[in-house]
Each structure stands twice: as structure tokens, then as C-alpha cells.
Amino acid sequence: MKNLLLLCFGLCISVSIHAQKLYILFVVDDEGSNFGLLQLRNESDMLYILEIVERELDYKMEVIHLSKQRFTANDLHQTIDSLPTSENDIVVIYYTGFGLLPPNKSSLFAHWKLRDNPTVGLSVDEVASWLEVKQKAKKLHLGLIVSEYSAQSIHSPQRVIDTLGVSMAYRKQVVKKLFLGHCGIVKMGSSLPDEPSWVNENHSASLFTESLVRAFERMLMPLDSSDLYQVSFRQFHAYSSSYLHRYFNEIPISQTPVLEMKSCEGSTFRSGVGVSSDSSTVSVKVLGGLLNSLAHNKDPLQRQQIKQQLAYYFTPDATVRVVRMYGMNRIPKPKEYTLGAYLDTIHLPGVNPSTQEIIPNMMYLYIGKIETDTTLLKSPLVKRLSVSEIWGNVAH
């Protein structure tokens, strides 16, 4: 009897030791009170998704945080390398912070701004390579990397209506197919490197991460069993992109979620190609997104990078004609700026000419007329731009 008890105890220990694991690494830039609160909301949204995955897969979840003093590439590498993973385990890495332009123009992902390299940052491809080492050693089933670059704020009047099924009967099957049906590395990003990612101040949430939650909820409740065939990270990406785009309505902003997958067999898939830099037309949404981003961004490094991106689209002597609207008050006469002067002051507080009230931030700017110069280059450059700025408490 004693030997039988010892045998049972040993088996329990063995099962516990080899229990399948779901490792969650949060790489969170929590500097600044306003940005830090947003990151906590992002973390909560991701945990909501992953706790469902934990329950439906019957995996044991372990959460690890890298922030503040441990917010470096070396710490992240060591943490990934030291995870005691087995071949059926899953590792999810969620980065929320600032994105930096990658040197590789073909990359779909901005670099992560970490403490040990705040100028160039850490390549998402390099993070993926650390996970691939584990896969090649048969110590990992799925590596999921999610990059949330939210830093800019919008007031969106759009409320997204969910399109859900009516049954919870397929919940477990959906989660198993999504997380166990794909072996490899999956990378998801909130936007292309040259686009800002947006936060909805009305909801106090990053739009991309909020859209991931809505997309996941939709996938959990298919209309019938025939929809299970479509369950994949491609579907997850498509649903979240659809929800995200609904927030913008008629606002002249561009945000393109990206997806890149590499299977254990080596096949790859990429989604999220935006307007190319050598396009024959100037994209109103790209310009609108960058200008709105510059108006809200207070980080000097980020602002300098956005200015460099914008400079690509303009002639050296370009001018900007600005009309400022302050709620229901009168509209001042248009003002003309050189491009450099406008970009240097676009983020500064404004003063309502009727009330003399100081307003900390512009809400939006809309692009009106664009005049281009095509005499020197195949790609047109903007020589004169007309914009309308919206200031004050506009009803949502």
C-alpha cells in the first residue's frame, strides 16, 4: 500500500512537471502616468484573451513582466532563453510602447523602443529568432508576438457593433484550432512602421488591442460548425482589422494592422501592405495620420522621426495654409506657414480667440486641398497644403 501511494505521488509530480504551459511575457513601457495607465488597460485586455485560452486548452499560465529597470533587449533575450518550455508549449510576447522606424524598409514591424537602445530599438525579427531557436530544439509549439505601438489619441464618435453568433458550443474547438492548429511563429502589429497607432480617449483604450478583443470574441461564437474551417490567425487578423477601421469613420487617418507568420515547416505569410513610398499619388490618409500624430506626440525622438517621414512627401519650400476652428466660436482668418514652422509648432497649445481660453491640444486636423509639384520627380511632392484644425470640446 505504501509503495502504491509513493507511485501515485510520483506520477502526480511527473504530470505536474510536464504540464503544458502558456507563458506570457509583457514588455511594457510604463513611463509617464498617462501612458502607464493606458498600458495597464492594454495588459488587462490581453489577459482577458489569454485567460480564455488557458481555460479552454487546460494549460497552466505563467505571466512574466519586463518593465522599468528590466526593460532591455538583453533581459528579454535571457528571459526567453531560460523559459523551461517543452514541444507543446506556447509563448506569447506582448509589447506595448513606442515604435521606431526600422532600417529595413520592407519590414512590416516598427522596432521596439527599449531602455538600452532608445534610438534604433529592438527588431521584432530578432525577438522572433530567439523563439525559433526553441522551436528548432523542439521546445516550443507556438510563439505569438503582438506589438501595440499606441501613442496618439483620437476622440472617435464611432461605436463598433459586434457581429456575434449565438452559441458558445464551439468555444473550445475554436481556441484549440487557433492556438494548437498552427505550429510556428506569428507576429501581429498594430500598424505599419510609418503609420501611427491610435488610442480612443472616449474608451481609454488602444484601438488595436481593443479590436483584438472584439475579434477574438467574434471567433469564439461562430454561427455554426461550418465556420470552424475558417478559424486561423489570418481570420483573427482580418476580423481585428475590420473592427479597427470602423473606429475611424471619416477621419483622415491611416492605421494598417500587420500580420506575418512562419510555420514550423518554413512557409511564410505576410499581410498589411500599405501605400508604397514611390506611389504616384500622395495619400491623404497617410499625410493626415502623420500630421495628427505629430500634433499629439510629446516625445522629442518620436516627433523628430515623424517630421523626417513627413519631409519625404513635401518640396523643400512647401507651405501650409491653416484654418483653426474652436467649437462653435468664430473661425479666425487662415494663416500661412512654411512647412518647417508648422511642424515645429503643431503640438503646442492653442488659444481660443473668442474666450482667450488656453487649449492644451488640437483634437483633429483635416486635410483639404493638396497642390503638388511633378516637374522634378516621377512621384509628386506636395508644394502647398490646406488643413483645417479642430480645437476645443466638440460634441462626440
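**View 1. Packing of α8 against α9.** In this predicted model, helices α8 and α9 pack with their axes 10 Å apart and at an angle of about 155°. Angles over 145 degrees count as roughly antiparallel, and α8 is therefore roughly antiparallel to α9. The two helices form a left-handed crossing. On the α8 side, the contact is made by Leu-287, Leu-290, Leu-291, Ser-293 and Leu-294. The α9 side contributes Arg-303, Ile-306, Lys-307, Gln-309 and Leu-310. Sorted by class, the residues of the contact between α8 and α9 are six nonpolar, two polar and two charged.

**View 2. The largest cavity and its lining.** Helix α9 provides the largest share, with four residues. The lining of the largest cavity comprises eleven nonpolar, eight polar and two charged residues.

**View 3. Packing of α6 against α7.** Helix α6 spans residues 207-220 and helix α7 spans residues 233-248. Their axes lie 8 Å apart, and the helices pack at an angle of about 125°. The helices α6 and α7 are therefore oblique to each other. The crossing of α6 past α7 is right-handed. From α6, the residues in contact are Leu-207, Phe-208, Glu-210, Ser-211, Leu-212, Arg-214, Ala-215, Phe-216, Arg-218 and Met-219. They meet Gln-235, Phe-236, Tyr-239, Ser-240, Tyr-243, Leu-244, Tyr-247 and Phe-248 of α7. This contact of α6 with α7 is made up of twelve nonpolar, three polar and three charged residues.

**View 4. Packing of α3 against α4.** Helix α3 (residues 73-82) and helix α4 (residues 124-136) cross at roughly 15°, and their axes come within 10 Å. Angles under 35 degrees count as roughly parallel, so α3 is roughly parallel to α4. A right-handed crossing relates α3 and α4. Ala-73, Leu-76, His-77, Ile-80 and Asp-81 represent α3 in the contact. Their partners in α4 are Val-127, Trp-130, Leu-131 and Lys-134. Of the residues in the contact of α3 with α4, six are nonpolar, one is polar and two are charged.

Terms used
Residues numbered from 1 in each chain as written. Predicted model: local features only at pLDDT ≥ 70, side-chain atom pairs only at ≥ 80, totals over all residues. Heavy atoms only, no water. Nonpolar A, V, L, I, M, F, W, Y, C, P; charged D, E, K, R; others polar. Axes fitted to C-alpha atoms, helices over the stretch in contact; angles between N-to-C directions. Parallel < 35°, antiparallel > 145°, perpendicular 65-115°, else oblique. Left-handed = near helix turned anticlockwise from the far one by under 90°. Contact = heavy atoms within 4.5 Å.
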